[in-house]
Amino acid sequence: MKKKAEKKTRAQRREDKQVILRIIREARPIYGWLVLASLISCVIITCAVMSPKILGSCVQLLYDFWAGTFQGSSLTRALLPGCCVLAAVYLLQSGMNYLKMYLLNNVVSRYFTCALRIRISDKISRLPVRYIDNTPAGQILERMNDDVSHLGGSIHDIVDTLTVGFLQIITLSVVMLLEDWRLALIVLIFMPLSIWLSARISSLSEKHFDEMFEESGKLYSVVEESYANYQTSKAYNFEADTIRAHQEVNQRQQKAETTANFLGAMVRPCITFTNALAYIIINVVGGVLIVNYGVSVGVVVTIVLFAKQFSAPLEQIAQGLSTMQRTKAAAKRVFSLLDEPEEQPLTGHLPENIRGDVRFEHVDFSYNKETPLIRDLNIDVKQGQKVAIVGPTGAGKTTIVNLLMRFYDIDSGKIRIDGQDISDVSRDELRGLFGMVLQDTWLFSGSIADNVAYGRPEASREEIIKACDEAYCHHFIRTLPQGYDTQVSEDTVSISGGQKQLLTIARALLADRRLLILDEATSNVDTRTEILIQKAMDKLMRGKTCFVIAHRLSTIVDADLILVLRDGQIVETGKHHELLDKKGFYYQLYTSQYAI
Amino acid sequence: MKKIFAYLKPYRGGLILGMLLMAISTVCELLLPDIMSDILNTGVYNADLSYIFRCCAKMLVVALVSLGSVLGGWYISSRVVAGFCADLRQGVFRKVNTMRFEDISRMGSSALLTRSTHDVGTLSWVASILSGSIITIPVLFIGGVVLALGKDAVLSLVLLLFIPLVFAAVVKIGKKIEPLWETSDKYMDKQNDIVRERLHGIRVIRAFNSEPREHKRIEDATQVMAENIIRANVSMGVISPLSIALMNMAVVLIVYLGGFRMERGISSASGGDIFAVIQYITLIMNGVVMAAFSIVMYPHAKVAAKRIGEVLDVESPAEPEEEALHFSGDIRLESLSFGYEGAAENAVSEISLHIRPGQQVAVIGGTGSGKSTLVQLLMGFRRPSAGQIYFDGRDSVSISPKTIRENISCVLQKAAIYSGSIRKNIAMGRPGATDEELLAAAEIAQMGDYLASLPEGLDHELTQSGKNLSGGQKQRICIARAVLKNAPIYIFDDSFSALDFLTEARLRKALSERTAGKTRIVITQRVSSAMSCDCIFVMDKGRLVDAGSHQELLERCKIYQEIYVSQTGGERR
């Protein structure tokens with residue numbers, strides 16, 4: 001059992017080391033600044049070492065005066081230079097501290113929090129659609145925000161700990177040893193003890209903090225779920241059960257929180273106590289030394305002050321050790337996102353003046369290897385024809401769209417446009433051929449005009465208005481208080497679902513692409529808007545090669561080709577009447593809507 | 001605010017004890033330098049080793065007492081804080097669960113979510129930090145100052161002069177930071193929104209080749225956010241070097257002034273006394289830093305407490321007693337009107353209709369026609385603004401909403417899926433149902449094939465809000481839930497919209513068998529879902545326009561004709 005645990009830690013340690021090396025590599029552009037920060041730290045440490053010594057000598061003067069052993073003419077005159085130097089050293093120390101803080105914030109934080117986020121955003125541009133489809137948005141957001149800010153914050157800590165903490169301890173130790181090796185040894189013996197103790201407690205509390213975060217994540221889900229399903233809970237008189245479920249997780253969280261907070265708070269008192277122990281022993285030994293060996297009071301006072309200074313870097317190191325674990329975990333997640341494979345850049349070109357013939361030749365495709373989806377699909381669509389894709393929900397109608405736009409790559413076979421194989425054509429160029437209206441009406445946060453002009457940002461206001469007029473949305477846009485400059489976003493409620501769809505049609509009209517992909521589902525749209533949408537879509541389709549995910553009978557009836565999908569597979573193809581005559585699945589599908 | 005303090009009441013004892021222990025430990029910490037100066041003054045200078053040992057023993061005891069009491073104090077306060085926060089979370093959650101729908105929609109469910117989780121979390125974070133340390137601030141201050149005064153009054157006054165200086169600086173910086181945090185929070189939200197939007201709209205973005213544009217938008221928002229965070233951090237970072245510098249200046253001044261007064265013979269303070277005063281400065285400084293943090297954190301906590309208070313202040317409605325009623329399924333609406341709060345027009349107005357036991361009816365109309373509002377009223381989620389709903393001739397206002405809901409099998413528009421097994425999701429309809437009953441309900445809901453295809457069957461785990469399900473599967477699970485409940489009245493609110501025609505037809509057939517003799521109300525936009533019903537109510541702009549069978553309406557009702565033509569392309573059957 002123990003052996004197994006050891007083995008695991010060895011593999012983990014190697015991985016940890018790699019993550020740390022990676023962080024160090026990532027920081028390369030700011031090495032210069034980090035060196036500067038370390039230099040400043042050296043000044044700070046020098047000040048920290050000097051100040052107790054100066055203070056000690058000043059206090060020694062006071063003792064001497066009080067004991068009557070003072071040999072100068074004037075105490076104040078003797079104190080003055082020491083006090084001035086001391087004040088200067090203190091001011092320098094604070095000034096340098098400020099400078100270092102300013103530097104670390106502006107360089108390290110900026111680099112790790114801002115630049116890293118921008119890199120992730122850039123990465124998203126090149127991630128395959130497959131990755132984005134399979135990854136919850138929340139996960140990517142969490143990496144971009146929580147993990148990155150954690151990284152930024154703790155890198156700060158680690159740099160601080162490494163440069164200041166260790167350097168400070170080393171210099172303090174050397175100076176103390178030079179001052180009086182016997183007293184210094186006492187402090188130095190206690191140092192590893194308190195580091196060990198605090199690291200132990202930290203790692204213990206870490207475990208409970210993790211547990212606490214996990215439970216609070218669960219609690220969040222419980223609350224989120226019950227608020228999202230509020231009406232259903234009420235409809236089934238389920239409140240009592242919901243409250244009980246909440247209570248259970250809540251109690252677990254409470255327990256973890258109690259332990260985690262307690263252990264977390266223990267670190268400081270324990271360090272204080274070991275310091276107090278060191279303090280006592282220094283006093284006893286120091287007393288003996290003063291009485292029996294004639295060591296000066298100033299030396300003892302200096303060592304006492306040094307010993308006090310020891311606690312700050314010790315706490316810092318203990319803190320650093322405990323955040324290290326979490327930092328590594330965060331860094332690992334961020335790096336894994338940055339290392340995701342990207343869409344391969346393609347450089348091929350399409351011929352100019354595309355007509356819009358589309359051919360699928362022996363196309364195979366599957367989303368995962370185990371369940372083949374499309375097998376040996378052959379379609380031949382001529383310029384200006386209309387292809388309707390029908391089938392029950394979840395049958396994979398959008399797969400065809402995914403393949404045509406190369407959101408996903410086919411496994412084998414060929415897709416040709418005007419006879420040209422598209423497998424090595426630049427994705428941008430290929431996608432530039434298509435206009436798209438999806439069921440999921442996507443509006444980005446910006447003005448209506450910006451949204452309509454999304455496919456052609458350089459379009460003039462007149463062109464935008466013309467497109468909106470053709471798509472029957474000019475009228476309702478004019479009734480909005482800010483007209484075309486009205487701000488909208490995905491969850492805008494001031495315009496209805498149907499109106500959003502009209503806007504996306506206007507967007508496609510303005511973009512004016514050779515080929516079209518339409519998803520005409522219109523749930524939650526009132527009858528009149530639906531008629532407008534239909535008319536606008538007809539206009540849009542005129543003279544273009546269209547792929548329509550069909551929900552309306554009118555589209556199906558006059559389509560040049562109907563693809564019938566079932567469970568992800570194309571089961572029938574043909575024209576409306578041919579398919580009806582077959583009395584197959586299409587026939588069932590079509591007639592069922594009139595069944596009583 | 002007052003309501004929140006009420007949650008502290010059960011913990012009063014623990015709170016006081018915890019604070020007492022913390023105070024004891026702080027006093028001990030204050031005593032240490034005093035003992036130290038005793039050792040130096042009396043022990044060292046008189047070469048009295050036994051005195052040194054005695055003092056050290058005293059110091060050891062004090063340190064131990066300090067350690068013991070601080071650990072005890074932290075233990076108690078950790079328990080108190082965790083308990084208080086758990087109670088508060090539970091209280092807020094319970095409150096929301098008994099709120100009226102008006103209040104829920106007024107506050108918004110995402111705001112309520114933030115209040116029940118994030119805000120309580122902020123409060124608990126602040127409470128856990130403050131609970132242990134807040135008491136030490138005055139003790140450190142007062143104790144430090146009193147002890148210092150005992151050593152040398154004039155030198156202590158120098159100390160007292162510096163403290164307000166430090167505080168003034170901290171407060172000023174804190175004021176500066178607040179707007180910076182606000183801005184960075186705002187841009188953080190903005191950046192999140194854009195990323196979310198971008199991930200969601202990935203297809204459209206790629207189709208229009210506009211990834212570079214989206215990237216630029218994120219870059220801009222991120223830069224503004226980072227700029228503000230950095231500025232806030234830099235401002236906050238000033239606090240520590242500044243206050244340390246000020247206190248250190250106090251040290252220098254005290255040493256010099258102490259020397260000066262000694263020389264003039266004004267003061268009887270010894271070198272050890274002055275040394276002790278210097279040591280007290282360190283302690284008082286700890287207090288200052290802690291107080292500074294409290295000052296910076298206070299606005300966070302205040303905002304959170306205010307927002308939680310708003311939830312707790314909402315009054316829960318008084319409801320009639322629950323009864324063991326069993327409805328026959330007779331529903332009568334009498335000039336029923338309802339308007340949402342703040343809306344200029346009624347969502348439904350003057351609706352009168354009668355549905356008899358066992359009747360199968362449909363309500364059809366476009367968006368904004370008021371048909372979903374009708375469901376809200378029937379389920380008792382909302383109360384009519386005017387008019388009445390009668391169940392079996394009894395006014396719904398006099399019946400407990402729980403009793404009404406007990407008598408309705410309802411499938412709401414938004415398919416509600418709970419994380420957990422399929423079994424758990426369906427069994428909500430009737431807790432304690434057997435597997436046979438569950439499977440039978442699933443079969444009627446047309447999910448038999450789906451269940452059979454799953455190796456775990458009913459025990460198949462669903463993720464939160466059914467992300468691993470298609471829209472149709474979600475609707476069918478909700479239908480199975482309602483079928484299992486099998487109450488006298490069935491309501492389907494647009495709950496077939498994600499089903500293909502074939503599945504819907506089969507489902508309708510199976511439902512007709514199961515619900516024979518029960519009242520069934522189908523709210524829909526699809527003519528195909530409505531046409532087989534005994535009676536179809538056509539709604540438009542909140543009013544009941546017409547009622548009749550499919551054939552009758554097709555002949556005389558213009559709105560119904562319009563809907564029919566738009567959905568079927570005019571082809572008649």
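Chain B splits into four domains in its assignment: domain 1 (1-136 + 298-318), domain 2 (153-268), domain 3 (319-407 + 487-573) and domain 4 (415-486). These bounds come from an automatic or database domain assignment. Between domain 2 of chain B and domain 4 of chain B, the C-alpha centres are 53 Å apart. Keep in mind that this is a predicted model, where local features need pLDDT of at least 70 and side-chain atom pairs count only at pLDDT 80 or more, while totals for chains, interfaces and linings use all residues. As for labels, residues are numbered from 1 along each chain as its sequence is written, with chains lettered from A and ligands numbered from 1 in the order in which they are written.

Now look at the sheet in chain B. Four strands make up an open sheet with antiparallel pairing, in the order S2-S1-S4-S5. Strands here are DSSP runs of E with at least two residues, helices are runs of H or I with at least four, and both are numbered from the N terminus; two strands pair if DSSP finds at least two bridges between them. At the edges sit strand S2 (348-355) and strand S5 (394-395) of chain B, each pairing on one side only. S5(B) is joined to strand S4 (residues 386-391) of chain B by two bridges, in the antiparallel sense, and Phe391(B) stands opposite Arg394(B) in S5(B). Helix H11 (residues 371-378) of chain B packs on this sheet and touches strand S1 (331-338), S2 and S4 of chain B. The direction of H11 makes about 115° with that of S1(B), using axes that are lines fitted to C-alpha atoms (for helices, over the stretch in contact) and angles that run from 0 to 180 degrees between N-to-C directions.

Next, the place where the two chains meet. Here 123 residues of chain B are in contact with 122 residues of chain A, a contact being two residues whose C-beta atoms, placed from the backbone, lie within 7 Å. Helix H9 (residues 211-264) of chain B gives the most to its chain's side, with 26 residues. By class, that side of chain B has 62 nonpolar, 42 polar and 19 charged residues. Ala, Val, Leu, Ile, Met, Phe, Trp, Tyr, Cys and Pro count as nonpolar, Asp, Glu, Lys and Arg as charged, and the others, Gly among them, as polar.

Asn209(B) is partly exposed because 15 other C-beta atoms lie within 10 Å; the cut-offs are 20 or more for buried, 12 or fewer for exposed and partly exposed in between, with C-beta atoms placed from the backbone.

Over in chain A there are 19 helices and 12 strands. The radius of gyration of chain A, 36 Å, is well over the 25 Å that the globule rule gives for 596 residues, so chain A is more spread out than a compact globule. That radius is taken over C-alpha atoms, and the rule is 2.2 Å times the number of residues to the power 0.38. Chain A is divided into domain 1 (1-180), domain 2 (181-294) and domain 3 (358-592). Five residues from domain 1 of chain A and six residues from domain 2 of chain A make up the contact between those two.
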